[in-house]
Amino acid sequence: MDATAFRRQMDEVVARIPMHAIRSVLDAVEGTPSPNGERARHLRDALVDHFNRLRPMKARRLFTSLFEPFLVDDPILYRSAESVPALLQRVDMGGIWTALTRHAFPGLAAEVQSRLDAMARDAMLDAVLASPDAMVMRELMRKEALDFLYAMAGDRKLTDRFLALANDEAHHDARLRTQYLGRKAPIDSDLLGFVRALLEHNAVLVPLTERMRRDIDDMRMGETQGAGDLRSAEVDCQSALMVGFVRRVRDLGLPFRDQSQLLAWFAPLYGLNVKQRYDVFLRHVREHVGSGGPAVRESHPLLRALLCHFTAACTTIREVVDGMFGDMDIQDGGVLSAPVTTRALLHEAVERFDRALTALSGTGFLASRSTGPALRAELAAVSRALTGTVMPALAARLQAAMNARHAPVHDHEDIVWLLELVWRWGRTLGNAGKPNRS
């Protein structure tokens, strides 16, 4: 068989290999001595080409690696009414990258992409992006981006154009990643300021954040064991860990000690936004922020972040309920139809709603005269979605299921799933504001 035909066959075979398995297959090919080195080379080239072809935006991938420990994919928080303090979504970083390549360094971005394309012809992209040459290019882009963002801060018209482009790109990307998305949390000047701080202090914040991530993961024992004592001990340990990281961050220097700025609260915000540790966050606010520190008001970064989480969960529930039930004519014989992705999104939204509400109640803001009315308005809207839309549909399908004597109704599994979700959702609403939630 000639080389061209063999390579074509290798391309067809490699296309069937799952992406997560390509690295191990490549290691096996390179680590096994073969009497037929030419065919092994064709197989290796096919593996490399297939892996790299699915990652065409190499310059963007290299630049965003500066933010890797901070990036999240959180469709619930897409729906926050405002940008969440110290939260950096991948879709937002993609929008910011698009705007940077248009306004900050179009020539440099094109040059980096071309060089990475050439370097990736014979090597896996992961190895290319970790090479010394790639690190030099990344540092050039970091400096160019940082200089541009500082200069842009004094130009309102340029800032407006930059944000418009970044938000359009991020919103388009977000709509591809989640269902029933209405408006998305904006990329605003506050978020750009956080990105600028991460670029400026990247060398010290990345290793510290990686250490914090590992330490938090190492202490996750209560969730797996399910025992109350273990869970309480875990929260104690995580809370002490968070205090230690707050001190480490503030020891980095003057910019990290200004408690009116996000950087001073970077550690607990990371625990909330990235690790979703509402219980640890609540403990930290209670014990280390309200006493001896600045007063915790609505403008405080920690409270703003928690409020964003809560309102985002409420909005997600309403949007998914409206979208899912909008096309179901249950009262006229229609059946429930909840795809796996819809179930997962609504289940996660109710779970986060419960945890964020518990944290708000525990901090006292649900009972506060200043924050309480707005929070209770959100609760009322979520309650209306349950009682006005979900419960009537569920009742109709339950009646149909009970009347079906000879065989289960077609949506039996959907009915059971929704019944369990409604029980959890209703219990959360019924307990809202009660002292034992704190």
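Helices (H or I, at least four residues) and strands (E, at least two) are DSSP runs, numbered from the N terminus. In this predicted model, local features need pLDDT of at least 70 and side-chain atom pairs count only at pLDDT 80 or more, while totals for chains, interfaces and linings use all residues. Residues are numbered from 1 along each chain as its sequence is written, and side-chain values use heavy atoms, with hydrogens and water left out.

Phenylalanine 67 lies in the loop between α4 (58–64) and β1 (71–72), and with a relative accessible area of 0% phenylalanine 67 is buried, a term that means under 20% relative accessible area (1.4 Å probe, protein chains only). Leaving aside neighbours within four places in sequence, phenylalanine 67 is in contact with Leu88, Met93, Val195, Leu198 and Leu199, where contact means heavy atoms within 4.5 Å. The C-alpha atoms of phenylalanine 67 and asparagine 202 are separated by 8.2 Å, although the two residues are 135 residues apart along the chain.

Helix α6 (residues 106–119) packs against helix α8 (residues 132–152) at an angle of about 165°, with axes 11 Å apart; axes are lines fitted to C-alpha atoms over the stretch in contact, and angles run from 0 to 180 degrees between N-to-C directions. Because angles over 145 degrees count as roughly antiparallel, α6 and α8 are roughly antiparallel to each other. From α6, Leu108, Val112, Arg115, Leu116 and Met119 meet Asp133, Ala134, Met137, Leu140, Met141 and Glu144 of α8.

Finally, 8 of the 8 residues of helix α14 (residues 266–273) are buried, so α14 is largely enclosed by the rest of the structure; among them are Phe266, Pro268 and Tyr270.

Key
Buried < 20%, exposed > 50% of the residue type's maximum accessible area, 1.4 Å probe, protein only. Parallel < 35°, antiparallel > 145°, perpendicular 65-115°, else oblique.
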